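Thank you for making the time this morning.

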Amino acid sequence: KDTTQQTPDDQSGSKGTQSGKGPDKIIEECRDRMQKCIEFEGDNRAAALDDLYFLSGEQWPVNIRRARNLDNRPCLTVNTLPTYLHQVTNDQRMNKGSIKVHPVDDNADEEVAEIIQGLIRHIEYDSNADIAYDRAVNSAAAIGFGYFRLVTEYTSEDSFEQDIKFKSIRNPMTVYFDPSSEEPDGSDAKFCIISVKLSKEQFRREYPNADMAGFEAVSGQGDFSDWIDDLFVRVAEYYYIDYEDATV
């Protein structure tokens with residue numbers, strides 16, 4: 001998978017990727033695909049936000065609440081929904097899912113499977129995978145979808161070796177999956193975008209060498225209206241699959 005970030009310094013690059021796409025082409029493709037995701041998932045995401053408000057206790061219709069407030073009448077809410085949510089998430093915490101390795105054919109080796117199983121357990125323990133699992137399940141039970149991810153991080157600042165890490169995604173609204181995916185787990189997705197909005201102050205701190213001039217010129221305009229405005233800059237990780245012809 002090739003990756004790119006939607007940051008201003010990408011626009012000045014001239015080096016293409018293995019697929020032959022230049023940075024500008026990749027960024028344009030990322031923006032187009034994200035817009036399709038937003039259009040496709042708009043109703044589902046709006047319903048997910050309604051679920052979160054309802055879960056937090058905002059259960060009165062706005063017009064009725066406003067009318068009662070004008071009449072100085074109380075709007076009592078007995079929120080029992082978290083109880084039912086915890087019935088699901090507590091069961092998951094008591095019976096945690098985990099990755100199992102099984103030798104399944106004549107060429108498989110049970111000792112190798114046990115070694116791989118031990119490596120996976122170490123990765124899970126070392127990166128607090130339980131938190132990633134719990135957050136994903138809690139989100140899925142609350143709004144219908146949740147995510148965690150696997151990344152690689154350098155072992156230390158002076159090492160070229162990398163470790164695999166589980167990472168939780170606290171806000172599932174930041175993930176945009178290929179809307180043409182048909183499998184429930186998204187395993188057949190052709191791309192995925194993980195996008196967050198940063199304040200301009202935070203953006204400059206995290207990307208001190210980025211040239212904001214190109215983005216400032218299109219701030220709030222057309223296709224860029226959701227990528228940069230007076231206060232925020234959107235940053236995206238873009239993962240996609242490249243296809244190449246191969247002879248068997």
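This is a predicted model: local features need pLDDT of at least 70, side-chain atom pairs count only at pLDDT 80 or more; totals for chains, interfaces and linings use all residues.

Let me begin with C30, which is buried at a relative accessible area of 3%, where buried means under 20% relative accessible area, exposed means over 50%, and partly exposed lies in between, with a 1.4 Å probe and protein chains only. Residues are numbered from 1 along each chain as its sequence is written, and side-chain values use heavy atoms, with hydrogens and water left out.

What is the disulfide count? Taking a disulfide as a pair of cysteine sulfur atoms within 2.5 Å, the count comes to zero. C30 is in no disulfide, and the nearest cysteine sulfur to its own, that of C37, is 9.3 Å away. C192 is likewise buried, at a relative accessible area of 13%, and its sulfur lies 8.2 Å from the closest cysteine sulfur, in C37, which is too far for a bond.

Now to the overall layout. The chain has seven helices and six strands, these being DSSP runs numbered from the N terminus, with helices as H or I of at least four residues and strands as E of at least two. Read from the N terminus, the order of elements is β-α-α-α-α-α-β-β-β-β-α-α-β. Of the 248 residues in the chain, 31% are buried. If we take contact to mean heavy atoms within 4.5 Å, then among contacts between residues at least 6 apart in sequence, 59% join residues at least 24 apart.

N72, although not a glycine, has a positive phi of about 55 degrees; it sits in the loop between α2 (62-70) and α3 (81-94), and at 71% relative accessibility it counts as exposed. N128 is also not a glycine and has a positive phi of about 50 degrees, and its place is in the loop between α4 (110-126) and α5 (129-143).

Within helix α4 we find Q117, which is buried, with a relative accessible area of 11%. Leaving aside residues up to four places away in sequence, Q117 touches I99, K100 and V101. Q117 and H102 are 15 residues apart in sequence and, C-alpha to C-alpha, 8.7 Å apart in space.

Finally, the pocket. Rolling a probe the size of a water molecule over the atoms shows where empty space is left. Here, on a 1 Å grid over the protein atoms alone, a pocket is an open set of points where a 1.4 Å probe fits, with protein on both sides within 12 Å along at least five of seven lines, and lining residues have an atom within 4 Å of a point. The second largest pocket has a volume of about 430 Å³, a volume being the space filled by probe spheres set on the points, which are joined across faces, edges and corners. It is lined by 18 residues, of which F145, Y147, F177, P184 and G186 are the closest to its centre. Which element gives the largest share of this lining? That is α1, with four residues, and both α1 (23-56) and β4 (175-177) supply at least two residues each.
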